[in-house]
Amino acid sequence: MSDTFQLDGAAVPFEPGQTVMQAALAAGHYIPHLCYHPEFKPHGSCKLCTVKVNGRTTASCTMPAEANLNVESNIEELNALRRTLVQMLFAEGNHFCPSCEKSGNCMLQALGYDLEVHATGFRHLYPDRPLDASHPDVLLDFNRCILCELCVRASSEVDGKNVFALSGRGITKHLIVNAESGKLSDTDFALYDKAMQVCPVGVILPKRVGFSQPIGERRYDKRPISAQALDDAPRQVDTSGNCEACEDPT
Amino acid sequence: MLPDNDTRFDASGQAWLNQLASRHHNDASLLLQMLREMQERFGHIPQEAVSRLAGKLAIPRARIESVASFYSFLHLKPQGEYRILFSDNITDRMLGNQALLEQMCQLLWLQPGKVSEDGLVSIGTTSCTGMCDQGPALLVNGRAITRLTHQRVQEIAQLVRNRTPMADWPADFFHVDDNIRRRGLLLDNKLAPGDVLRAALALGSDAIIEEIKTSGLRGRGGAGFPTGQKWEGCRKAPGNERYVVCNADEGEPGTFKDRVLLAQQADLVFEGMTLCALSVGARKGFLYLRGEYRYLLEPLQAVLQRRQDSKLLGTDILGHKGFDFNIDIHLGAGAYICGEESALIESLEGKRGVPRNRPPFPVTHGYLQQPTAVDNVETFCQAALALHMGADKYRTIGTERSSGSKLISVSGDCAYPGIYEYPFGVPIREILQDCGAVNTRAVQVSGPSGVCVPESEFGRKLGFEDLPTAGAFMVFDDSRDLFEVARNFVHFFAHESCGFCTPCRVGTSMLKQTMDKIADGHGTQYDLNEIENLDRVLQTSSHCGLGRTACNPVLHTLKHFRPAYENKLKSLMFSPAFDLDGSLARARQMTGRDDAGAHLKEDV
């Protein structure tokens, strides 16, 4: 019998090497998250998955599971924290859901609904982030970037292309493209790249298919992210290299 | 301003770059050191040079941009030939740095943060440069100039206008005083190079660690981890290589004791590192020196060379077969976060200085994922002293849980700023008397991330029992507005946040906005509540200590000096941060109008 830890009063089994997040999702317990993706090494930057372990707060995606930990997640104190973090991400970038083609398929928006974020909370920063429409098949809308680094990781670890990187520090941190011109068209980025599939928000978009699936019939229109995420877990890569949890880019 | 496709990178530049890369064995883990040299050579890091270097090192060019853009002293766009950065710690402000900055801008005809039209000069601000005892200070092309006055600013402007090479500037400008005011066992030591190592070799590795453990020595960088335990952990951790790292990234505003130790006691620092290497079994060590102390590089290298020559470094140290140890100096490039040990290791590996997820800790997975002992400059000195004088004797100095002495960097409102060495357990009041401080309202202990202590608590003592400190001791008298002190610190944290995690990246900016809103007279009770909310988020969910302590200055000053905030508030529950009349300023400037009709009346 494997060891277990307690999550909000339920016993959660885990395998050696799993983190609290991995074990929880595999056992059918949802912990809100944004930068975590089952196919990549946990990153721990968005902090949406913050839980209390034996009374101390920590990111559950990077916290190694141990026997008899007492983990609290779905409590008002932490959900209030998560609401503030979502508000911060909305205020940091330029997120206009009504005109965004990712609406309904966007994890940030879905988390906003699920956590019941009813107000903006912060004064928006309205950063100046130009679009990159240079690539024939792909549009980059940096306005919506939440700096989760999933595309950076996917392009480097899976695609072996290193198309993306992060530049700057602190609030000026931003996504860049690996070209002297800074343009996506000057890279070997392609529609079938893994990095194309992993963006949780609406930064990396295939061109000409924006609204082929009507709003109202999209991923998080049908079910809240808390239920959807569990359907997807444990998410494994299938033989074709596609991730079921990721959207089909075409 | 020079065009983006800059012209300074010509054939000779290319040859120099090729030589730079081969001198560093095309090793990408030395990327930051190469970028720093490129910055010194070209005044910025040219786009073309980035591409060329990427080819040499076989890494994506975006990675080079990513690293370069992380550090304040590296520039990917052309800057002025003379890059002037005013140190902007609160102590510099109290000494009038803002008026001096304005004067410099007027004399050179430009705005702060801009490069002059002819590409001659750029002027800006930077975080504390560690010259608080002789401020206001600035950096010109990375070289520190202290004791600024209006006279000195005029002279500098003249030298810049005349394009005088910096080698020909008056040497007096660059003079840095040590200002040692009170000596103890460290600053008074009579040890000769090699004394400690000879004693250590007689003991053997296990006994050294036992001795350090028994001495009760704890880290002097602020956190106070038991040094012997750290060394033992490093020695026992599995690994192919072991490393010793000296953290000389003294970035906490108000701290400058490591600067003085490196200038006065470099042998003792290196002796302590070598002692650590002997006990943990390391053959390689690094001293990570903050970029602001660039001027110490050559003198430190000379000390290393002298120690090599006298067999105190290198192979078979002091004739002891198999005792090999070498030390390299790496320079930082303007990033406070690199004082955090795992961020420092990332930076040593040539990456962005982003703190790692922990566990694992550096003691088992440090530099290149190998066991690494990272200690502060002062800790290595104290370890050497403790070993030489014997653990039992060392333990008698200081207090029960804080043995030994501590160097305190005193600055702010006092007659004698400088370095004071005390046994642990010294009360704040005693330090204030010694440094000639009068009418003191508060003391900031251990810098912005530390504690603001009001007059009613001046009986408190420095030490791990009560007030742990990395050494900063900034004094504020009753003429100072503690709200402005906190606001300066909040700006500091926002500037230095690495941007990795959401709460710190966004939260420190929001905190800054809110403090600025209060300073501008638009603050309300709502904003004070907002500050408390932000404090909670930063403390509970930040990735590292920077975010978790970023709200300390506000929390502490709100607790002890709430009226300093409240007397700036409007009585309303809410006031928008958007300033309607302020937004017309540009229109007024363009039309040359400033009459009553060009202003909106504020309805309060």
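How many Å separate the centres of domain 1 of chain A and domain 2 of chain A, taken over C-alpha atoms? The answer is in the first legend below.

This is a predicted model, in which local features need pLDDT of at least 70 and side-chain atom pairs count only at pLDDT 80 or more, while totals for chains, interfaces and linings use all residues. Residues are numbered from 1 along each chain as its sequence is written, and chains are lettered from A and ligands numbered from 1 in the order in which they are written.

**View 1. The two domains of chain A.** Domain 1 of chain A spans 4-74 and domain 2 of chain A spans 101-209; these bounds come from an automatic or database domain assignment. Their centres, taken over C-alpha atoms, are separated by 26 Å. Nine residues from domain 1 of chain A and 12 residues from domain 2 of chain A take part in the contact (two residues are in contact if their C-beta atoms, placed from the backbone, lie within 7 Å). On the domain 1 side of that contact, six residues are nonpolar, three are polar and none is charged. Here Ala, Val, Leu, Ile, Met, Phe, Trp, Tyr, Cys and Pro count as nonpolar, Asp, Glu, Lys and Arg as charged, and the others, Gly among them, as polar.

**View 2. Where chain A meets chain B.** Look here for 29 residues of chain A in contact with 32 residues of chain B. On the chain A side, α2 (76-92), β7 (164-167) and β8 (174-177) each supply at least two residues, and α2(A) gives the most, with seven residues. Helices (H or I, at least four residues) and strands (E, at least two) are DSSP runs, numbered from the N terminus. The chain A side divides into 12 nonpolar, 11 polar and six charged residues.

**View 3. Chain A as a whole.** Six helices and nine strands make up the count for chain A. Its C-alpha atoms fill a box of roughly 55 × 45 × 40 Å, taken along the principal axes. Of the 250 residues in chain A, 45% are buried, that is, 20 or more other C-beta atoms lie within 10 Å of their own, with C-beta atoms placed from the backbone.

**View 4. Chain B as a whole.** Chain B has 24 helices and 14 strands. The C-alpha atoms of chain B fill a box of roughly 85 × 65 × 45 Å along the principal axes. Buried residues account for 54% of the 604 residues of chain B. Among contacts in chain B between residues at least 6 apart in sequence, 72% join residues at least 24 apart.

Methods
Buried ≥ 20, exposed ≤ 12 C-beta atoms within 10 Å, placed from the backbone.
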